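Dear colleague,

Please find the structure we talked about below, with its sequence. I would be glad if you kept it open while you read the notes that follow.

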Amino acid sequence: MKILLVEDNTDLSETVVNYLRQEGYICEAAPDFETADEKIAIYQYDIIVLDITLPDGSGLELLKRLKQNRSEAGVLIVSAKNALDDKLEGLHLGADDYLTKPFHLAELNARVQSLMRRKRFNGSNEIILHDIRVNTTTNQVFVKDEEATLTRKEYELLLYFISNRNRILNKESIAEHLWGDNIDMADSFDFIYTHIKNLRKKVLTKGSRNNIKSVYGMGYKFTSA
């Protein structure tokens, strides 16, 4: 899961980013309106944790732009205790949830997980597709009721494929989703093939069919049929 944290408080931003990365998320940070606006225009995110008050603009304006551009990212707005009007306006503009400062990191994580389930999987803790079952709470994957041991990247790759099933995903979009904007430094995306090959092997070994199809010259597609 890929998260953008828009927060101008440096100490809080570092704390949250480090925590979310330890929890296994790809997490990037933007300290101001301009940086956040640029990142949102270039990259795709699953969830945006958005502070309303920024030094060079309003988080609500960023929210407006996201909705105007029909972004599929879930938006969790963060506001001060006394900013009830901002919370209400944010929800009116299309934010999915809000969190009041100060907050516990565990609560932030719970909100992020809940939001992800609502956005991707209709609120369910389990995703079932044919003989593959994914528990998003425990991060376990079962194939024909037998657990498949996946690496963190393989697990995220499987979720990305399932949530985009029947859509062609190119190597660039897969790499960006799994590694964030640091992938811009990569010379090639050949390593994506290795991760897909390993994921296929682990699923096939458990007796499932090959749902991950190569589309020549375009990328890969996870078929649900």
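**What was found**

In this model, which is predicted, Asp51 touches Val6, Glu7, Asp8, Gly59, Val78 and Lys101, when residues up to four places away in sequence are not counted. Asp51 itself is found in strand β3, which covers residues 47-51, and it is buried, with a relative accessible area of 5%. The UniProt record, an unreviewed entry, has the annotation "modified residue: 4-aspartylphosphate" covering Asp51, and please keep in mind that such annotations may be inferred rather than shown by experiment.

Turning to the chain as a whole, you will find eight helices and 14 strands in it. The radius of gyration of the protein chain is 18 Å, close to the 17 Å that the globule rule gives for 225 residues, so the chain is as compact as a globular protein of that length. Along the principal axes, its C-alpha atoms fill a box of roughly 55 × 35 × 30 Å. Of the 225 residues in the protein chain, 45% are buried, and among the contacts between residues at least 6 apart in sequence, 56% join residues at least 24 apart. As for charge, the chain has 30 positive and 34 negative charges, whose mean positions are 10 Å apart.

Is Glu156 buried or exposed? With a relative accessibility of 6%, Glu156 counts as buried, because the cut-off for that word is under 20%. Glu156 is found in helix α6, residues 152-163, and, leaving out residues up to four places away in sequence, Glu156 touches Met1, Gly24, His177 and Leu178. Between the C-alpha atoms of Glu156 and Asp131, which are 25 residues apart along the chain, the separation is 18 Å.

Arg167, by contrast, is partly exposed, with a relative accessible area of 44%, and its place is the loop between α6 and β12 (168-169). When its neighbours within four places in sequence are left aside, Arg167 is in contact with Glu72, Tyr220, Lys221 and Phe222. Arg167 and Gly219 are 52 residues apart in sequence, and their C-alpha atoms are 9.9 Å apart in space.

Finally, there are some points of backbone geometry to look at. Most residues other than glycine have a negative phi, and most peptide bonds are trans.

His130 is partly exposed, with a relative accessible area of 44%. Asp145 likewise has a positive phi, near 65°, and is found in the loop between β10 (140-143) and β11 (146-148). Asp145 is exposed, its relative accessible area being 65%.

How values were computed:
Residues are numbered from 1 along each chain as its sequence is written. This is a predicted model: local features need pLDDT of at least 70, side-chain atom pairs count only at pLDDT 80 or more; totals for chains, interfaces and linings use all residues. Side-chain values use heavy atoms; hydrogens and water are left out. Helices (H or I, at least four residues) and strands (E, at least two) are DSSP runs, numbered from the N terminus. Buried means under 20% relative accessible area, exposed over 50%, partly exposed in between (1.4 Å probe, protein chains only). Contact means heavy atoms within 4.5 Å. The radius of gyration is taken over C-alpha atoms; the globule rule is 2.2 Å times the number of residues to the power 0.38. Lys and Arg count as positive and Asp and Glu as negative; His and the chain ends are not counted. The place of a charge is taken as NZ of Lys, CZ of Arg, CG of Asp or CD of Glu.
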